[in-house]
Amino acid sequence: MRLLLVEDDELIGDGLQVGLTQAGYRVDWVTDGSHADQALQNEGFDLLVLDLGLPGEDGMAVLAKLRRRGDALPVLILTARDTVSDRVQGLDGGADDYLVKPFNLDELTARLRAIQRRRDGGRADPLIRHGDLELDPAAKRVTLAGAPVELTARELAILEALLVRIGKVQSRERLEEALYGWDEGVESNAIEVYIHHLRKKLGKDLIRTLRGVGYMIPQED
Ligand code: CA
């Protein structure tokens, strides 16, 4: 899952980048509203963690523009603004959740998983299930017919990206974005290699290749 973090406080931003990366997100971090705007228009993200008090453009303005573009990206506001009217404005302005600083990292990541679940077609079950395959996004664990399967962090990220958009084709570029932040280079055949490993570990028929288009996990009948 690729996450855009918008936070102007260096100390908080740094802590969040480390913590969210450890929680399995690919984190890109910007420190003001106009860079956030640019990134949101030009890159594909799965989640946005948005501070409100930012130099230049305010976080609420970034959110308003995002929603005016018709972008349904899940958004969690993370801010020191703690009045009821702030929260109401944030949620009515299009945020999916609102968390007040100081915050607890475990609560933040649990809330991110919850809003992601709601966006994935209202999935209430915290586990992602497909046939006898189960992925636990919180524990970063995969089982096949009840037996644990050892996956690398990147294999797991690809599998999760495919499973949460089941039945929909994901281009190689989209999967690369789920996998890498801006700082990391992408080897040209990396996705093919991870897909190959996933098929070896989980069965060759799980992931379908649509030549020249991308990859998908078909819906079960
Ligand atoms: Ca701030």
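How far apart are the end C-alpha atoms of helix 8, and what should its 13 residues span? I started there. At 1.5 Å a residue, helix 8 (residues 190-202) should span 18 Å, and its end C-alpha atoms are 18 Å apart, which agrees. The expected span is 1.5 Å times one less than the number of residues.

Ground rules for myself: this is a predicted model, in which local features need pLDDT of at least 70, side-chain atom pairs count only at pLDDT 80 or more, and totals for chains, interfaces and linings use all residues. Residues are numbered from 1 along each chain as its sequence is written, and side-chain values use heavy atoms, with hydrogens and water left out. Helices (H or I, at least four residues) and strands (E, at least two) are DSSP runs, numbered from the N terminus.

**Helix 8.** I looked up which residues are buried (under 20% relative accessible area; exposed is over 50%, partly exposed in between; 1.4 Å probe, protein chains only). They are A190, I191, Y194, I195, L198 and L202. Down the helix axis these fall within an arc of 130°, so they line one face of helix 8. I note that the arc uses directions from the axis to the C-beta atoms. Among the elements covering these buried residues are strand 7 (133-136), helix 6 (153-164) and helix 7 (172-179). After helix 8 comes G203, with a positive phi near 110°.

I then checked its protein donors, meaning N, O and S atoms within 2.8 Å of the metal (3.2 Å for Na, K and Ca); water is not among the atoms, so sites may look incomplete. I found D8 (OD), D51 (OD) and G53 (O), 2.1 to 2.3 Å from the ion. D8 sits in the loop between strand 1 (2-6) and helix 1 (10-22), and D51 in the loop between strand 3 (47-50) and helix 3 (59-68), so the pair ties together parts 43 residues apart in sequence. Are the two aspartates buried or exposed? D8 is partly exposed at 31% relative accessible area, while D51 counts as buried at 4%.

**D37.** I placed D37 in helix 2 (residues 33-42). D37 is buried, with a relative accessible area of 7%. Setting aside neighbours within four places in sequence, I found D37 in contact (heavy atoms within 4.5 Å) with E57, V62, K65 and R69.
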